Amino acid sequence: MPRPTRANYRALATYRHALRHFLHFSTEAARAAGYTQQQYQVLLAVKSTPGSTGLTIGELAETMHLRHHSAVGLVDRLTRRGLLKRKTDAEDRRRVRVCLTAKGEKVLVRLAIVHLEQLRRLGPQLVNSLRKLGAG
């Protein structure tokens with residue numbers, strides 16, 4: 001790989017700045033709604049799972065790059081707040097899956113709308129930076 005050019009460094013810096021801006025926005029949006037960034041990410045991970053069966057704690061931990069016990073703690077807190085529910089897997093009754101409740105769906109919809117609006121604003125900057133890096 002050739003040595004990075006000044007333009008590469010600028011594109012990397014621009015991309016990281018836009019990404020950090022979005023992550024800061026995301027943290028503040030979750031906080032304003034009364035949740036942590038990780039709690040929002042859990043709701044998003046559960047909702048984005050293919051099908052409607054939900055995720056196991058292990059799958060959630062893997063998706064979020066967390067240790068199993070950390071995922072359990074997040075699920076416990078979100079369950080107490082009425083955003084998630086545990087249900088027994090239909091195929092393997094030893095397995096428990098995590099699903100969104102109606103309240104969890106409502107919270108996620110509100111947060112997803114503001115995140116999508118922010119991405120529409122930042123998207124061109126992110127895409128332009130990736131193009132300059134030859135990654136998009």
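Helix α2 (residues 37-47) packs against helix α4 (residues 68-80) at an angle of about 85°, and their axes are 10 Å apart. Axes here are lines fitted to C-alpha atoms, for helices over the stretch in contact, and angles run from 0 to 180 degrees between N-to-C directions.

Before going on, a word on the model. It is predicted, with pLDDT of at least 70 needed for local features and 80 or more for side-chain atom pairs, while totals for chains, interfaces and linings use all residues. Residues are numbered from 1 along each chain as its sequence is written, and side-chain values use heavy atoms, with hydrogens and water left out.

Back to α2 and α4. On the α2 side the meeting residues are Gln38, Gln39, Val42 and Leu43, and on the α4 side they are Leu74, Arg77 and Leu78, where contact means heavy atoms within 4.5 Å. By class, this contact has 4 nonpolar, 2 polar and 1 charged residues. Nonpolar covers Ala, Val, Leu, Ile, Met, Phe, Trp, Tyr, Cys and Pro, charged covers Asp, Glu, Lys and Arg, and the others, Gly among them, are polar.

α2 also packs on α5: the two axes come within 10 Å and cross at roughly 100°. That makes α2 roughly perpendicular to α5. Tyr40, Leu43, Leu44 and Lys47 in α2 meet a set of α5 residues that includes Gly104, Val107, Leu108, Leu111 and His115. The contact of α2 with α5 has 7 nonpolar, 2 polar and 2 charged residues.

Now for α5 (residues 102-133). Helix α5 has a kink of about 50° at Leu122, shortly before the proline Pro124; the bend at a residue is the angle between axes fitted to the seven residues ending there and the seven starting there. Its buried residues include Gly104, Leu111, His115, Leu122 and Ser129. What covers the buried part of α5 includes α1 (6-32), α2 and β3. Just after α5 comes Gly134, with a positive phi of about 80°.

Next, the sheet. It is open, with 3 strands in the order β1-β3-β2 and antiparallel pairing. The edge strands, each pairing on one side only, are β1 (55-56) and β2 (84-88). Helix α2 packs on this sheet and touches β1, β2 and β3, with its direction at about 105° to that of β3.

Strands count as paired if DSSP finds at least two bridges between them. β1 is joined to β3 (residues 96-100) by 2 bridges, running antiparallel, and β2 pairs with β3 in the antiparallel sense over 5 bridges. Since 4 of the 5 residues of β3 are buried, β3 is largely enclosed by the rest of the structure.

How buried or exposed are some individual residues? The table takes four of them, using relative accessible area: buried is under 20%, exposed is over 50%, and partly exposed is in between (1.4 Å probe, protein chains only).

| Residue | Relative accessibility | Class |
|---|---|---|
| Thr56 | 11% | buried |
| Gly73 | 16% | buried |
| Thr63 | 46% | partly exposed |
| His65 | 73% | exposed |

A few details go with those rows. Thr56 lies in strand β1, and leaving aside its neighbours within four places in sequence, Thr56 is in contact with Arg95, Val96 and Arg97. Gly73 is in helix α4; its C-alpha atom is separated by 41 Å from that of Lys132, 59 residues apart along the chain. Thr63 sits in helix α3 (residues 57-64). From Thr63 to Leu43 the distance is 12 Å, C-alpha to C-alpha, and the two are 20 residues apart in sequence. His65 belongs to the loop between α3 and α4, and His65 has a positive phi of about 60° although it is not a glycine.

Terms used:
Angles under 35 degrees count as roughly parallel, over 145 as roughly antiparallel, 65 to 115 as roughly perpendicular and the rest as oblique.
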